[in-house]
Amino acid sequence: MIDLEIKGFIPNTMLDWEGMLASTLFLPRCNFRCPFCQNPDLVLHPERLETVPLESVKFYIAEREGWVEGVCITGGEPCLHTDLPRLCAELKSLGVGVKLDTNSSVPEMLARLIEEGLVDYVSVDVKAPLEPAAYRLATGTDRADLLELVERGIGIVRDSGVAHEFRTTVVPMMHGPAEVAKMAEYLSGEERYVLQYFSPGDTIDPRYSSLRPFTEEDMEGMLAEARRFIPGTVVRGAPAGLDQ
Ligand code: SF4
């Protein structure tokens, strides 16, 4: 039996894995406390969320063989779960690809999943410029080895040959053109970098709940900065009412 609880299941989505019809699984708990996190229950109170039986997920996918092409595993931070490799293996045995969303702070698990061929795509959230104070602020996490862990994780993904993307949710009051330029410079050489709109809603720090999202013009300014270092940078996820 796989010792891991699934706390959310989206049966079909075209949004979570570009070009793929996928299902998405949400795993609970996180080692970060990003103030702008939009999954506060998943991170802080997973016991409030209903557990989705893995068997029902597998049944759904198996019934749609050849239809569902991949499964996205997101969180929380999926790499905290020691049984994640077994979950990935079970999903792959159904003939689907596996995409992992991670904050890259658990490098040993990331390395293992990649080495064992258990993930087909990795999406890494870069929270802030790779500087101690900025990362502490963006992640609400104060541990001495934070940046070292994150950088090791990023390095593992960059050196892996596995399809991947780096992405940043750009948050008013936290990011601007200068921060985006620093992150893109750090990642230069990558083919792709994604800037995601932050959209207000439930957040870990309630002060972020009512922030006005960046405008299209704001995003274009940050996009231009990022493209100085990574020409393939794109913007994703404009809130309703804003065109990309
Ligand atoms: S936004 Fe931060 S706190 Fe929320 S799940 Fe992602 S890494 Fe964890």
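**Exercise 1. How many helices and strands does the secondary structure of the chain come to?**

Before you start: this is a predicted model, in which local features need pLDDT of at least 70, side-chain atom pairs count only at pLDDT 80 or more, and totals for chains, interfaces and linings use all residues. Residues are numbered from 1 along each chain as its sequence is written.

*Solution.* 
- Step 1: The chain then has 8 helices and 8 strands.
- Step 2: The radius of gyration (taken over C-alpha atoms) is 17 Å, close to the 18 Å of the globule rule (2.2 Å times the number of residues to the power 0.38) for 244 residues, so the chain is as compact as a globular protein of that length.

**Exercise 2. Find how helix α4 and helix α6 pack.**

*Solution.* 
- Step 1: Two packed helices are described by the angle between their axes and the distance between the axes.
- Step 2: Axes are lines fitted to C-alpha atoms, for helices over the stretch in contact, and angles run from 0 to 180 degrees between N-to-C directions.
- Step 3: For α4 (residues 107-115) and α6 (residues 146-160), the angle is about 15° and the axes are 9 Å apart.
- Step 4: That makes α4 roughly parallel to α6 (angles under 35 degrees; over 145 is roughly antiparallel, 65 to 115 roughly perpendicular and the rest oblique).
- Step 5: With contact meaning C-beta atoms, placed from the backbone, within 7 Å, Pro107, Leu110, Ala111 and Ile114 in α4 meet Leu149, Arg152, Gly153, Ile156, Val157 and Ser160 in α6.

**Exercise 3. Now try α7 and α8: which residues meet?**

*Solution.* 
- Step 1: The axes of α7 (residues 177-186) and α8 (residues 216-227) come within 8 Å and cross at roughly 30°.
- Step 2: That makes α7 roughly parallel to α8.
- Step 3: Pro177, Val180, Ala181 and Ala184 in α7 meet Gly221, Met222, Glu225 and Ala226 in α8.

Methods:
Helix = DSSP H or I, 4+ residues; strand = E, 2+ residues; numbered from the N terminus. Contact = placed C-beta atoms within 7 Å.
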